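Reader: Could we go through this structure together? I would like to begin with the charged pairs and then turn to the strands.

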Amino acid sequence: MKGAMEPEPEVLLQEARENVEAAQSYRRELGQRLQGLREAQRQIKESASQTRDVLKQHFSDLKGTLGKLLDERLVTLLQEVDTIEQETIKPLDDCQKLIEHGVNTADDLVREGEIAILGGIEEQSDKLWNFTKKASHIQLDSLPEVPLLVDVPCLSAQLDDSILNIVKDHIFKHGTVASRPPVQIEELIEKPGGIIVRWCKVDDDFTAQDYRLQFRKCTANHFEDVYVGSETEFIVLHIDPNVDYQFRVCARGDGRQEWSPWSVPQTGHSTLVPHEWTTGFEGYSLSSRRNIALRNDAESSGVLYSSAPTYFCGQTLTFRCSLCQWKRNDQSVARSYLWLHCHI
């Protein structure tokens, strides 16, 4: 017999169904969070791997460049040593040749004189006369001047060891590893043929002077610059409809030259085709992209239609009317043109 407080089977069945649905919903939510967690883990690992590669490549390039600069400086200094040595040693070499010639001459004269003296006066009178005559023509009291050591170069290398400490300080301070960029993309808004990209600072201690926005198709390998300036939003035009694009932004701190780390790339696309006016209507001339229509000199003009319903509620289409004046046959003629320009 059923207890007085026991629920009816229908109620239990309904409650069981609700619990199953709640468990399924809970499982889906957990699955989504698990997927988000895996993406976060992948972002950390991939960015860490990329950062390692960038650091290794940068310091390898830096090491090669520094080695090349040091080798070039060494070659320059060695060339200076060679130049000084060659320019200052040549006069000494010439002086050495002159002295060696004098030594040889004196040796010859000594030998001849000794032979003349040993022969005696009676037997060697002719030799003594010839020797005396020869000696008189040689300036035995003329000696070349040899410079003192203090008057000739004494080469040495002047090397400032403090450069090692300066370079060491710069190297120890060179480069940083940032866990989060100071700016992130905040919003992507699709427009006909374009996407508005908005970004914001996420680091209150960072003072931005300029921002740099890049984009690429998701199938492309490299990003390309599309905007550099102080604004925090930019509309990227010439976007192919229904094609995924990636956007990233970085900033340059006030008074700094280097750019900050890039933001996390955000993917977006536009389902809206670029706005175009329909061709073939009299009274209007269209620009090459057919997004600007200008009244021409035709006497009659029909209604101008867009080629597709590219604008919807909440979007802006601006019609601008401008008045142009010019002279023809010395008479001022004023004509008004209706300039239809879509602002996206």
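**Salt bridges, sheet and core**

Author: Asp94 and Lys90 both lie in helix H1 (residues 9-118), four residues apart, about one turn of the helix. Their side chains meet in a salt bridge, with an N to O distance of 3.4 Å. Please note that this is a predicted model.

Reader: Is Lys90 buried or exposed? And what of Asp94?

Author: Lys90 counts as exposed, because its relative accessibility is 51% and the cut-off for exposed is over 50%. Asp94, at 38%, counts as partly exposed.

Reader: How many salt bridges are there in the protein?

Author: The count comes to eight. One of them joins the side chains of Glu187 and Arg198 at 3.2 Å, N to O. This pair links distant parts of the chain, with Glu187 in strand S1 and Arg198 in strand S2, eleven residues apart. Glu187, Arg198 and Glu233 are linked in a network of salt bridges.

Reader: Which residue forms a salt bridge with Lys217?

Author: Asp240 does, and the closest N and O atoms are 3.0 Å apart. Lys217 lies in strand S3 and Asp240 in the loop between strand S5 (233-237) and S6, so the pair ties together parts that are 23 residues apart in sequence. Lys217 is partly exposed at 34% relative accessibility, and Asp240 is partly exposed at 33%.

Reader: Let us turn to the strands. What is the strand order in the open sheet of four strands?

Author: The order is S4-S3-S6-S7, and the pairing is antiparallel. Strand S4 (224-229) and strand S7 (266-268) stand at the edges with a single partner strand each, so one side of each has no neighbour in the sheet. From one strand to the next, the twist averages 30 degrees.

Reader: How many bridges pair S3 with S6?

Author: Nine bridges pair strand S3 (residues 208-217) with strand S6 (residues 245-253). Leu213 has Val249 in S6 as its bridge partner.

Reader: Which residues have the most contacts inside the largest nonpolar core?

Author: They are Val197, Trp199, Leu213, Val236, Phe247 and Val249, in a core of 16 residues. Strand S1 (183-191), strand S2 (194-201), S3 and S6 each supply at least two residues of this core. The largest share, four residues, comes from S6.

Reader: And on the surface, which residues form a nonpolar patch?

Author: Ile163, Leu164, Val167, Ile171 and Phe172 form one, with about 520 Å² of accessible area together. Ile163 lies in helix H3 (residues 162-173).

Technical notes. Residues numbered from 1 in each chain as written. Predicted model: local features only at pLDDT ≥ 70, side-chain atom pairs only at ≥ 80, totals over all residues. Heavy atoms only, no water. Patch = residues over 30% accessible without salt bridge, like charges linked within 9 Å, V, L, I, M, F, W, Y side chains within 5 Å. Areas by Shrake-Rupley, 256 points an atom, 1.4 Å probe, with all protein chains shown as cover. Salt bridge = Lys/Arg side-chain N within 4 Å of Asp/Glu carboxyl O. Pairing = 2+ DSSP bridges. Axes fitted to C-alpha atoms, helices over the stretch in contact; angles between N-to-C directions. Core = buried A, V, L, I, M, F, W, Y, C linked by side-chain atoms within 4.5 Å. Buried < 20%, exposed > 50% of the residue type's maximum accessible area, 1.4 Å probe, protein only.
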